[in-house]
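Keep the 3D view open as you read.

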Amino acid sequence: MSAGGPPRVALIGANGHGRWHRRAIAELHAAGRARLVALVDVRPLEAEPDAPVPPEAAVLTDHRDMLAACRPDVVVVCTPPHTHLPIALDVLAAGADLLLEKPPVLDLAEHRTLAEAAAAGRAVQVNFQALGSAALTELTGALGRLGPVTGIATLAAWQRPDAYYARSPWAGRLSVDGHPALDGALANPLAHALMQCLAVAESVTGAPVRPARIEVERYRVRPIEVDDTTVLRLTPRAGPPVLAALTLAAEEHVPGEVLVTGEHGRALLEYPTDLLRLPGDDAPHPVPGRRGLLANLLDHRADGTPLIAPLARTEPFTAVLDALRDAPVPTLLDGDLVRAAGDGPQRVLMVRGVGAVLRAAAETGALPSEAGVPWAVKPYVVDLPVQ
């Protein structure tokens, strides 16, 4: 560990989304706030022009070799979700603090194991980076303008081409080598949408959400094992219900909205762009400023600044994934309901009318089956025990 100078930072999983982390680390390295000492990936390092590798940084293929040789103070882990727990435990055992890509782990047993390992004094931050948004902070600070909050919902409608499901052996898989992977819309690309809702709910009640019931309808347009379209309703033990209406098979793009409804009005946050509309606003307004979660972790190490996304704050998200582990394979939508556009690896499949279905769910709080959508199926329901 460093005896002086900026904290020594390493990245495990330096390709793919890891390139985003390389750019974030490069900015902190250039500012003298951190020193990149190692990049780890099982594949050859992809070029990243905005984050050149410092000549003194090691490039390795095994994270254990890196931990032993480089002795980092902080490690960023951006590997497939089903590998998170063993790598994270190795990092904590080596005495380093941890920034762990979302989802942190895939069930509550793993979540508790990781929390117990961190209890020895190490910090664990989960990279739900949208939680660092100043727009989210402004929204939660303005909840009083809504009156009592009666519902929180999110709507996101994206597309993913065939190439997305060929990107890795775990893409679209429920499990890999006996370990859960859960690489569906809810758990991976649109995870931030649900986590933003859980953060708002936490602000309403003053504590992380404790789910009592989860009802979910899951659909797919490809021969995958997980969802590409999901409508989920979470009923907490205290506080307003949360509904997530999400798809990767959209006809029209919706970046991601969080709708908070109260007795006196509704607020809308477009979380990827930090556009916020509060009751009485004529139009959404941009709220600049995002606190990077790695920078926040470094501040936490330096002066005790509270973590933005500590492991405990993300437990409700893990509880949702845990509840879905035994859910049936999502219902296949096909025939005239689905249309294709594009060719080859960039072909996309779209569900006709899915945008209106998801919009109605987000605005009313009703699942598609409750609204009489012809292709909707009976929801999978999980009642969670009191813990």
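**Around helix α8**

In α8, the buried residues are Pro316, Phe317, Thr318, Ala319, Val320, Leu321, Ala323 and Leu324. Buried here means under 20% relative accessible area, while exposed is over 50% and partly exposed is in between, using a 1.4 Å probe and protein chains only. That makes α8 mostly covered, with eight of its ten residues buried. Helices (H or I, at least four residues) and strands (E, at least two) are DSSP runs, numbered from the N terminus.

Before going further, a word on what you're looking at: this is a predicted model, where local features need pLDDT of at least 70 and side-chain atom pairs count only at pLDDT 80 or more, while totals for chains, interfaces and linings use all residues. Residues are numbered from 1 along each chain as its sequence is written, and side-chain values use heavy atoms, with hydrogens and water left out.

So what covers the buried residues of α8? The cover includes helices α4 (108-118) and α6 (191-205), plus strands β10 (211-220), β11 (229-236) and β20 (380-383).

Zoom in on Thr318, which sits in α8 (residues 315-324). Thr318 counts as buried because its relative accessibility is 0%. Leaving aside residues up to four places away in sequence, Thr318 touches Pro104, Val105, Asp107, Leu108 and His111. Contact means heavy atoms within 4.5 Å.

Now look at how α6 and α8 meet. Their axes come within 9 Å and cross at roughly 125°. Axes are lines fitted to C-alpha atoms, for helices over the stretch in contact, and angles run from 0 to 180 degrees between N-to-C directions. The two helices α6 and α8 are therefore oblique to each other: under 35 degrees is roughly parallel, over 145 roughly antiparallel, 65 to 115 roughly perpendicular, and the rest oblique. On the α6 side, the contact is made by Ala191, Leu194, Met195 and Leu198, and on the α8 side by Pro316, Phe317 and Val320.

Phe317 has another partner too. The rings of Phe128 and Phe317 have centres 5.2 Å apart and planes at 65°, so this pair is edge-to-face. Rings of Phe, Tyr and Trp (its six-membered ring) pair if their centres lie within 6.5 Å; planes under 30 degrees apart are stacked, over 60 edge-to-face, and the rest tilted. Because Phe128 is in the loop between β6 (124-127) and α5 (134-141) and Phe317 is in α8, the pair ties together parts 189 residues apart in sequence. Phe128 and Phe317 are both buried.
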